[in-house]
Each structure stands twice: as structure tokens, then as C-alpha cells.
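Dear colleague,

I am handing over the structure we spoke about, so that you can look at it alongside my notes. Please open it before reading on.

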Amino acid sequence: MPTSATHSSFSFLIVAGEPSGDAHAASLVHAMRRAAPEVQFEFFGSTGAQMRAGAVESIVKADELAILGLWEIGRALPKFWRAFGELKRAVNERQPDAAILVDWPDFNLRLARWLHRRGIRVIYYISPQLWAWRSYRARNISRDVDLLLSILPFEKDWYAARGITNVEYVGHPLTGEVRAQYDRDEFCRRHDLDPSQPIVALLPGSRHKELIRIVPPMLDAISLIKQQQENAQFVVVVAPNRNINEARSIAAKHIADSSVHFIHHETREALVAADVAAIASGTATLEAALLATPLVIVYKESTINWHALGSLITTEHYGLVNLIAGRRLATELIQDDFTGESLARELLRLLDPNSNAAMRAELKEVAQQIGQPGASDRAARTILDFIG
């Protein structure tokens, strides 16, 4: 069984399953090593590229496990069961001092149950968004999680209202970390854009199915915007975990426009350079808010997934920036509301100088609500205190 005695080495199972979780887990690992340089840490588990670069031993490679929707879940189940089995074998062999589960609730809450039954202390970093949908899962948190680290300011009170008090708010790990390596002028120089003319950034998401569903209406919006603003320039920002040719191939089937620029590994630089952005609902919407880039939040599911899962969503807002603001600051175009026409209309509205300036000011206010920089360090210290 894991020991609770003070010692100079600790072993942790750490499990993330999506690119954002991989990034936050990698930052947490670095922060723990910084916080206790005299301690020998062993980290092993389900990893993405950033965790592996941070010397986390890969029992399972999570890169191919990120899925979306019921059909994908059905096809991927054998992979998930294999990954689950491999992690269980590693835990049985190594008996870690604790497990750190990062977001990814469909997998991690099931794993938490198994770990809890075997006496492994469970630390959950980045709360599942139970306040948005499937709130009944709060009982799983109460039963199976020893310490929950929250990154959004309203979550601790939400859990307290349900009798769950082992929650610590550490702040969002992106706060203070979202910055571009170079400015608008340099971005334009590298990509042959005119900095004196409007730039629209389009971020269609980090999963293949998101690209298939979200890229086409984004491209429809380009054609419509150009009818009113001929000088507008467009960049499609491809997520780091996707192949840029994948996005180009999907776009080529829908529109042949050589003036559209495809950008890879420069997400924050593109957001800083952009006058406005259309962004698939997710972490990138918060990055845009922290960079004060006016945005429209978009999302489109398959029809079967939307009818099956959409009814479970209980929150008034989808986008993180709106949830934190407590109001509809950024327009949300979800499912049938997301068309080329609706997106073009909203982006043209935000290209108006007065609307643009007003939203930038509001986004700066929201950024102040997210908390102070240093979330990964606070999370690391909280975990180290917890394990003794």
C-alpha cells in the first residue's frame, strides 16, 4: 500500500487524455519538481507529447484516445479498455503514493473509482464541468476523490452547496502564461499579411471531427465577409496536435481560396495579430479572452450526438469566457445557429471599431476575474502538502 510517511521520493500516477490536459499536467509536473527539488519524483501514466517531453513515463499514449461523441466512443471502446487495463497493471506493480487525474472525466472518473477501492489517494486536477452538465456525477467526486483542485472561481462554492468540501481553488493555469512570442507586425511579415488591414482568425478545434464540422461554415463566412470587406484577411489556425495538411484537405473540398492562410504552432501569435476571431468552444476561447481578442464562440456536433447529449447540458452558457463573466459577453453560435451567414454577421459586427474596442475592454475585465498567475505552482504546493 502507498506510504504516508515523509520520504525523499514519491511516485505518482498521472493521467491526462486531451491536448489541453496534457499541457496543464506537464506544467504541474514541472511545478512540483521546482517546489521540492530535494525530492526524487517518479511520474508515470497516460501522456501526451508535452508530458513525455517533461520526463513523464508513458504507460499509455493519450494522443489517439481523445474522442468526440457517441459514435466515436463506440468505435474507440476497445482502445479505452486496453488503456484502462495497462494503467491498472502499472498501479498494481508500482503502488504509487497518489494518483493525479487531469480533467478527462469520462475516463478519469471511472479510474478514480477503481483507485479509491484499492486505497490509492486520488487527486483530481481541473474539475469536470459538472455545473454545466451531468451534475449527478458530483456523487462520484464525493465518494472517490480525496482532493479536488478547481481552476474556475465559482466551482468551490458550487461543490460546497452539494456538501463537497475537499476542494481547493488554485486559479487557472493559463493565467499569466498566455503570451505571444512576437507582435502583429512580425506575424504579418512572416505570413505575407498587411498589418494595416483587418485580420480574422478562425480556430476550428483540436479534433478531426471538429475540423470536418466546423471548417465548412467558417469558410462560408469568409466568402460572405469578403463581399462587404474586400480587404479582410483570413487565417485558419490549426491546433498543434493536428496536421496542417489535414485542415487544408478538408478546406479544399469546400472552397478554393488561395488567399486563406493556414497557420500551425502559432495560435497565440495569431490571436494577438487578429482583429477578431471565431473559435470552437474550448480552452482557446479563454486564451483569446486573456489576450483581449474579440471573439465569437462556435460549435457543431453531429445530429445524433446533439440530440443525445445536448439535452444534458444545464448551464446557460457554453463558452468559458461567458461562464466566468456570468453573462453572454461573447456571442455563442451552437449547432443549428452556427452557419456561414450567422458567423459572418457577428464577425462583421466585431470588426466595427467601436464594437471591437468595447469588447476588448470587457475581456480585460474578465481576465482579472480568473485569478492571479501561478496556478500550477499553487496546485503543486497543495498536492505536496496533501501527501505530506
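Predicted model: local features only at pLDDT ≥ 70, side-chain atom pairs only at ≥ 80, totals over all residues.

Residues are numbered from 1 along each chain as its sequence is written, and side-chain values use heavy atoms, with hydrogens and water left out.

Let me begin with the helix pair. Helices and strands are taken as DSSP runs, numbered from the N terminus (helices being H or I with at least four residues, strands being E with at least two). The axes of helix H8 (residues 208-228) and helix H9 (residues 244-252) come within 9 Å of each other and cross at roughly 45 degrees, where axes are lines fitted to C-alpha atoms, for helices over the stretch in contact, and angles run from 0 to 180 degrees between N-to-C directions. That angle makes H8 oblique to H9, since angles under 35 degrees count as roughly parallel, over 145 as roughly antiparallel, 65 to 115 as roughly perpendicular and the rest as oblique. On the H8 side the contact (heavy atoms within 4.5 Å) is made by His208, Leu211, Ile212, Val215 and Leu219, and on the H9 side by Glu246, Ile250 and Ala251. Sorted by class, this contact has 6 nonpolar, 1 polar and 1 charged residues, with Ala, Val, Leu, Ile, Met, Phe, Trp, Tyr, Cys and Pro counted as nonpolar, Asp, Glu, Lys and Arg as charged, and the others, Gly among them, as polar.

Turning to the salt bridges, a pair qualifies when a side-chain nitrogen of Lys or Arg is within 4 Å of a carboxyl oxygen of Asp or Glu, and by this rule the count comes to 19. One of them joins Arg207 to Glu18, with the closest N and O atoms 2.0 Å apart. The two partners come from distant parts of the chain, 189 residues apart, with Arg207 in the loop between strand S8 (199-203) and H8, and Glu18 in the loop between strand S1 (9-15) and helix H1 (19-35). Arg207 counts as buried at 17% relative accessibility, while Glu18, at 23%, counts as partly exposed; buried here means under 20% relative accessible area, exposed over 50%, and partly exposed in between (1.4 Å probe, protein chains only). Glu18 and Arg207 are also linked with Glu210 in a network of salt bridges.

A further salt bridge brings together the side chains of Arg268 and Glu287, at 2.7 Å from N to O. Arg268 lies in helix H10 (residues 267-273) and Glu287 in helix H11 (residues 283-290), so this pair ties together parts that are 19 residues apart in sequence. Of these two, Arg268 is partly exposed at 23% and Glu287 is buried at 12%. Asp144 and Arg143 likewise form a salt bridge, their closest N and O atoms being 2.9 Å apart; Asp144 is buried at 0% relative accessibility, whereas Arg143 is partly exposed at 37%.

Finally, the two single residues. His191 belongs to helix H7 (residues 184-191) and is buried, with 17% relative accessibility; leaving aside residues up to four places away in sequence, His191 touches His261, Ile263 and Glu266. Gln368, in helix H15 (residues 353-369), is exposed, with a relative accessible area of 62%. The C-alpha atoms of Gln368 and Thr175 are separated by 9.3 Å, although these residues are 193 apart along the chain.
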